[in-house]
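Biologist: I have a model open and would like to know what stands behind the words used for it. Could we go through them together?

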Amino acid sequence: MASEQEQLQAIRDRIDVIDRQLLELISQRARCAQDVAKVKEAFGDTSTFYRPEREAKVLRKVMELNPGPLSDEEIGRLFRELMSACLALERPLRIAFLGPEGTFTQAAALKHFGHSAQTLPQRAIDEVFRDVEAGDADYGVVPVENSTEGVVNYTLDMFLQSSLNICGEVQLRIHHHLAGLVPDLKQITRIYSHQQSLAQCREWLDANLPTVPRVPVASNAEAARVALNEPGSACITGQGAVDIYRLPVLMPNIEDQPDNTTRFLIIGKQPIPASGDDRTTLLVSSYNRPGSLQALLQPLARYGLTMTRIESRPSGRGMWDYVFFIDFDGHQDAPAVQQALAELRQQASLFRVLGSYPKGVL
Ligand SMILES: O=C(O)C(=O)C[C@]1(C(=O)O)C=C[C@@H](O)C=C1
């Protein structure tokens, strides 16, 4: 029987051959992306280098064809990065996100656009919108809802003032760590974190550190920065900030719900063609009379469209006047959706399609 070294050498020789083939194929793929860019430029189509519907189709296809042993998610991630690098050859994307560096929103931006995108931290959600509106960023990433804490009202309210579209969505599993320079939990005198994160870890904090004051700050990354500089303090933050600030993790994954997930929206100027598995978000308002909300929603049911979410927010136009954010499955270019929307529009005092976009793939 061959020795361990001989067996390993034989397998590594095979890996070397495969790597060379992979390299050649990846380079061929990248050259194709360059050719795509030349065609787009020749036709003056320079505003649509980024094609989220095409990316969603590519990711779904490779995940469907995946023979294993790597998981569909791993394969998806590898191809995500491959496309990100190919797109950067065509034109590097600038992505504004709710900063600072190390926030969950940055992690969501990188998950959605891959690591070849340039991420630009902004101080607040309205600055993300403004950066994209002004053309200083191609797209923006903002949080919209959390599975434990519910909707991020500020993001929804921004759509009342902004003309930007929703171009995509991405979901991120949120893990919170207790981190800091204190040698053990008993010596913690203050805990800093974003208000939402404190809420998402409330039960753990009540059980383990009930008497330690909890101090809300603007972001988890800011909490990490304070914990690094203030003796006795600790923070609740994510892996991104732990890595950036090199903070020791005192207790990992302290979120109360193990499947704690946040959904983020991609905002931009471009309408997105159908990808085959899409979601549409509407901003509507009904007339203030009995049964009007029901009448507003009826066309969706009549045309067999599945509504997945409805949120109401004060309209800002007067007391007790509300707007509704409605998500349903389907794309606005599909005939059934067009008919449903035409009917719905007749019942609405305010009507805007915020976007049709591929459902998050990864
Ligand atoms: O198909 C395109 O339009 C491309 O630009 C190629 C490609 C890819 O690498 O597959 C790159 C970027 C786009 O966002 C979508 C796909």
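Biologist: Why is Arg246 called exposed?

Modeller: Arg246 has 9 other C-beta atoms within 10 Å. The cut-off for exposed is 12 or fewer, so Arg246 is classed as exposed. Keep in mind that this is a predicted model.

Biologist: Where does Arg246 lie, and what is its phi?

Modeller: Arg246 lies in the loop between helix H10 (239–245) and strand E10 (249–251). Its phi is near 50°, which is a positive value in a residue other than glycine.

Biologist: What makes Asn253 partly exposed?

Modeller: Around Asn253 there are 14 other C-beta atoms within 10 Å. Exposed needs 12 or fewer and buried needs 20 or more, so a count of 14 falls in between. Asn253 lies in the loop between E10 and strand E11 (261–268), and its phi, too, is positive, near 50°.

Biologist: Now to strand E12 (residues 278–286). Why is E12 described as largely enclosed by the rest of the structure?

Modeller: Because 8 of its 9 residues are buried. A residue needs 20 or more other C-beta atoms within 10 Å to be called buried.

Biologist: How do you know that E12 pairs with strand E15 (residues 348–358)?

Modeller: Pairing takes at least two bridges, and 9 bridges join E12 to E15, so the two strands count as paired. They run antiparallel, and Tyr357 in E15 is the bridge partner of Arg279.

Biologist: Which sense does the pairing of E12 with strand E14 (residues 322–329) have?

Modeller: The antiparallel sense, over 6 bridges. In E14, Phe328 is the bridge partner of Thr280.

Biologist: Which domain feature does UniProt list for residues 281–358?

Modeller: The unreviewed entry gives "domain: ACT" for residues 281–358. Over that range the chain is 29% helix and 42% strand, and the end C-alpha atoms are 11 Å apart. The domain assignment of the protein, for its part, gives domain 4 as 278–358.

Biologist: How do you know that the buried residues of helix H11 (residues 292–302) are on the same side?

Modeller: The buried residues of H11 are Leu296, Leu297 and Leu300. They cover an arc of only 80° around the axis, and this puts them on the same side of H11. Gln294 and Ala301 are exposed on the other side of H11.

Biologist: Where are the cis peptide bonds that join Gly68 to Pro69 and Gly99 to Pro100?

Modeller: Pro69 lies in the loop between H2 and H3, and omega of the bond from Gly68 is about 5°. Pro100 is found in the loop between strand E1 (94–98) and helix H4 (104–113), where omega of the bond from Gly99 is about 0°.

Conventions. Residues numbered from 1 in each chain as written. Predicted model: local features only at pLDDT ≥ 70, side-chain atom pairs only at ≥ 80, totals over all residues. UniProt positions renumbered as here; feature names shortened; annotations may be inferred. Helix = DSSP H or I, 4+ residues; strand = E, 2+ residues; numbered from the N terminus. Domains from an automatic or database assignment. Arc of directions from axis to C-beta.
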